[in-house]
Amino acid sequence: MKRFYFGLLVMVIVFLSACQSSEQLEPIKEETIDFDKKTALEMVEKKEKMIIDIALREKATRLEYKEIEKSFIKEFGGHAKTILSILFINNMDSDPESDMDVAQHMLYPTVFHKGITITNAVIYKSYFENEFFNQTRLSIKEEYIGDDEKLKDWNREYFFTPNKNGEWELNGFSGVMNFLGEDYNMNYLELQR
């Protein structure tokens, strides 16, 4: 019930703020701070290791899938189901107890593939007159820097925001998540050893 009232309060504040002039919604100060690329790489590796471990498999039992789903929810939050839907083929006609097939004609580029690297990691901060609207966001961008024409200009950006404990929590993505089709699989790009 508290969540309902809190959500209602936030909606009222946002509505009242929107009724004021748009000038007040402009930040009074913005700053961009370089984020340590080694730490950024570790953050991305933790997530993408989970993805590559699944993508290199052929199947998962229903019990394994439930465990995978729990670990993905812990790591990816509300984005877990989207990522799992990319990795697993959901056959509505199959027996509910049958194994889950992993998508074989799919490439989810990761920092573990040759040519994929972290190219940018920055923290964006926006400050407003009303501190309630202050924002902090970490952006980690990875790109393909190799010679493959099909992957030229590929990039993915992870967005993180600090949670109430001050830890970075995945908030969203931009860019291309994966490539589908007969030409692609997780070994399309050579893995770094």
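Mentor: A residue is called buried when its relative accessible area is under 20%, exposed when it is over 50%, and partly exposed in between, with a 1.4 Å probe and protein chains only. What you see is a predicted model, in which local features need pLDDT of at least 70 and side-chain atom pairs count only at pLDDT 80 or more, whereas totals for chains, interfaces and linings use all residues. Residues are numbered from 1 along each chain as its sequence is written, and side-chain values use heavy atoms, with hydrogens and water left out.

For context, the protein holds 4 helices and 10 strands, where helices (H or I, at least four residues) and strands (E, at least two) are DSSP runs numbered from the N terminus. Read from the N terminus, their order is α-β-α-β-α-α-β-β-β-β-β-β-β-β. Of the 193 residues in the protein, 32% are buried.

Turning to the charged pairs, a salt bridge here is a side-chain nitrogen of Lys or Arg within 4 Å of a carboxyl oxygen of Asp or Glu, and searching the whole structure gives 11 of them. Side chains of opposite charge can pair when their charged atoms come close.

One of these salt bridges joins Asp53 to Lys49, with 2.8 Å between the closest N and O atoms. Both residues belong to helix H2 (residues 37-55), and because they are 4 residues apart there, about one helical turn separates them. Asp53 is partly exposed, at 39% relative accessibility, and Lys49 is likewise partly exposed, at 40%.

A second example pairs Arg57 with Glu64, the closest N and O atoms lying 2.9 Å apart. Arg57 has a relative accessibility of 27% and so counts as partly exposed, while Glu64, at 34%, also falls in the partly exposed class.

Glu69 and Lys81 form another salt bridge, in which the closest N and O atoms are 3.1 Å apart. This pair links distant parts of the chain, since Glu69 sits in helix H3 (residues 62-76) and Lys81 in helix H4 (residues 80-87), 12 residues apart. Lys81 is exposed, with a relative accessible area of 53%.

Finally, salt bridges also occur here as a network, which links Lys46, Lys47 and Glu75.
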